[in-house]
Amino acid sequence: MSDLPMTAVATDLAEPPRRGRGSAAFVLRTLGGGLVSVGLIVVLGFFLFRVLPGDPVRWMTRDRPGNAEQLARLRAEFGLDRPLPAQFVDYLADVARGDLGTSYVYNRPVTEIILGRLGPTVLLTGSALVVAVALGLWLGSRAAWRHGSVFDRIATGTALVLWSVPTFWLGLIALMVFAVGLDLFPTGGMTSPGGVDGFLPAVLDVAHHLVLPCLTMVAVVYAQYLMVMRSSLLEEMAADYLTTARAKGLREDLVRRRHAVPNALLPTITIIFLHVGLVVAGAVTVETVFSWPGLGLLTYQALAVPDIPLLQGTLITLSVAVVLMNVLADLGYRLLDPRVRAS
Amino acid sequence: MRGVSFHAAAALLAAALAAGWPGAAHAQPPPGGTTLRVAITQDIDSLNPFVAVFLSSTQVMRLTYENLTMVGPDNAVQPGFAESWQSSPDGLTWTFKIRDAQWSDGTPITARDVAFTYTQIMTNPAAQDANGSAVANFAAVTAVDDRTVEITTKEPQASILASDVPIVPEHVWSSRVGQIGTATNAEQLPAVGSGPYVISGYQEGQSVTLSANDRFWRGRAHVDTLQFVRYENADAAVQGLLKGDVDLVRDLTPAQFDSLEGNAAVGRNEGRNRRYTELLLNWSNPSGVDGQPFGDGHPALRDVRVRKALHHAVDAGAIVDRVKQGHSEPGHGIIPPVYPKWTFTPSDSQRRDHDPERAKALLDQAGYRPGPDGVRVGPDGRPLTLRLIAGNQVPTNPQLLDFLAGWFEAVGVGVTPQIMASNQIDDATVAGNFDIAVSGWSVNPDPDSTLDQQTCAVNGTSRSDSGYCNPAYDQLYAEQQAALDEGKRREIVQRMQSLLYDDVHAIVLTHDALLEAYRADRFTGFVTQPEDGGVITGQTGYWGYYGATPVAAPRAAADAGGGTGLLVGVLAAVVVLGAGAFLVARNRRRSRDERE
């Protein structure tokens, strides 16, 4: 077994110190790159929303009567009467302290609002991602192993159809069939209105609300994991080490799971991590259909006003998530694939 | 490696569950008795009565905090926090007798609560967000004794009896004065209030729970608990109604409303609403703001003949029938017919009906002759092509633009229609960078704020309408404000609207119905405002919810169904999440079993 890449991961830890220094430099470089990206996003977040035409104070006071004195007071309160460079310095200092400003609409700290909405989004996208990755990889490996078979064609076809269906439409259909028609699930929200008493009933209540939005998201995203796994495994299938494995007398099933799949999995890891950030952003539609109180919905609402501090905050949060996942993908890939480390 | 991914997945799930946890602090005791659930498709911006401005939030405020005086189901002024009132002969001092009643926590209601609330709004800028304009004309508010409060105004103010300011308890809010602009009012629940319901639970972004106030002076409400449940999507809200997740939905589109016809469990209410839809014609009025013309409106719109021609080109009846599917009525003035006291009907000689020939003749008179491509050309050689904009928040707007474009083109006026986000529309109309814009406003039972909107003073602010500015109108506005005799005030308001109509300050198209639906198998007795064909939700009062009565014990049956659904659903949830974990773990386990 020592000739196989998978076991090499363990033995590789005892490499000479020179390589260890290389690893440290690589980690520092990756983390540094991530930090630079975050810095650029923070700067971009400020200027991006300053170029929007129109007057923020006017957006804030939409639909409410206000006199010139009140408007001037609001302008001062949000620092909008100060010159742009001064506003920028204030903004950088605030962000450094973790203060993302005060929302125009909710009149509360943006950080507080975002933290409140982060949990539901992580729960929804996290559970959807786990199910989609597991389902996609499993179906993908099966499909590739028996490529051209009826199973392959049905699995690939179904995934591609679901992938191309508009999320909004799919969500509404799911809602009409499973929530209203079959009366199995609630029509919206994350908990029953007013909440329920007790820890376990509350967990079950959230789980109950989670099923439809989670499945809708799974249906839309699992196709990509299936396709990546399938094509990656197809590439591996001609490799010599598989012939070796077969020659050792291993069963076909074991050859697939223990030899081919682990190798095919490596490129998939990167895709999975890179995709996490996009899935979070993609939660907007699902959250809107099922009134799921998450970050996607918050961003959507902030954009309609527009609530600049809140938009800045969600932009930074979502971007940091993507950068973080990128860094993890880089580090993880190196950790898992000795070929990358060696090069 | 597989181990790594499995642990990562498990950790992710655990973190997600922990982070997404609703929080024990927000868990509410299960509401006893009957619960009426209302779908809201707008977020709650705040539960703090000093800053909440969204319609959804002010609805909650009206249920929790009484105003000094109320507008009744008949749209007439009624006692509220005050049981009686009188004004001094000069109209500058109003004396209110405060009712002998209690706050929901048992503390007596006094005149000091009124003085505290108004004084905060008058003196503390942070407390002015929601109701600052209501006190703009106030000089002082003083508690003469526990039962008497005196309001003195700078100028006589006829609209004082319709001021929509929630009175808060001094004994609760005096300790929050420093945070009055930032308090959420959900820090300590149940909130102390004086209305039929008090806020007892809040799940941000999801729902607000209100419990019936046992000490409400009119008597306890029939329904024990009111819940406002957030639906981001109106289609999902309608599905929620059909399933029974909510009992009342509002703001339906004509298509959604019509689709519920014939459903025995669902009652529908086509309520005469207090809104109007209008076409703003950009005046770019030089006498507005600082005497300078502003914006970039087409100069042709400054000619009253062109504005009249545009009005004659439009067929309001067709809009009602074909765009609004009959759920609307044609309009003439800015005060909707739901307030018959103030609404305006033009005389036969004034009236401008759909008449393309008359429109063409007026454009000819104004010097706009048909050009080679059918679009008229002005004396300056500039074609009469107008930008026509509408917001994307009204689902029927694209269709409306199609009709308008057809009518305008039929009389030789070119248009470039465009649908925009509502904030873009706001920016364009405030800055005067448009030619024609579809717009609309809600009107309160007292017409003062709607009339104020057409004065020169509001040009260039977020309340600006068409950039209309006519000193004769401003003069009348001041007169009606000071007219404490209602008959006299009515007459002035008629003259004002007649002037607006003759000037074609804008083209009022329709007064749209508010389309609502409710579970008639569960609730009855909703009091509409006005009682004859009015609305249940979105009232300037609490009558709709206060009158609601449960139909004999339907909730038990529904709960049983919900219970089975919950069981099956939870089972499905466990299966789905379990299957994911199983698939990840499966290979790991099997390979361990088969290790050489």
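1. A quick definition to start: a residue is called buried when its relative accessible area is under 20%, exposed when over 50%, and partly exposed in between. Please keep in mind, too, that this is a predicted model.

2. With that cut-off in hand, have a look at B:Tyr546. Its relative accessibility is 16%, so B:Tyr546 counts as buried. B:Tyr542 is buried as well, because its relative accessibility is 0%.

3. Now for the aromatic rings in general. Searching the whole structure, over all chains, gives 20 aromatic pairs. One of them joins A:Phe46 and A:Phe47: the ring centres are 5.0 Å apart and the planes meet at 85 degrees, so this pair is edge-to-face. A:Phe46 has 0% relative accessibility and therefore counts as buried, whereas A:Phe47, at 37%, counts as partly exposed.

4. Back in chain B, how are the rings of B:Tyr542 and B:Tyr546 arranged? Their planes are at 70 degrees, with 6.1 Å between the ring centres, so they too make an edge-to-face pair.

5. A single aromatic cluster takes in B:Tyr542 and B:Tyr546 together with B:Phe216, B:Trp217 and B:Trp543.

6. Finally, two arginines in chain B are worth a glance. B:Arg176 sits over the face of B:Trp173, 4.7 Å from the ring centre. B:Arg307 is placed over the face of B:Trp283, and here the distance to the ring centre is 3.7 Å.

Note on methods. Residues numbered from 1 in each chain as written. Chains lettered and ligands numbered in written order. Predicted model: local features only at pLDDT ≥ 70, side-chain atom pairs only at ≥ 80, totals over all residues. Heavy atoms only, no water. Phe/Tyr/Trp six-rings, centres within 6.5 Å; stacked < 30°, edge-to-face > 60°. Buried < 20%, exposed > 50% of the residue type's maximum accessible area, 1.4 Å probe, protein only. Lys NZ or Arg CZ within 6 Å of the ring centre and 35° of its normal.
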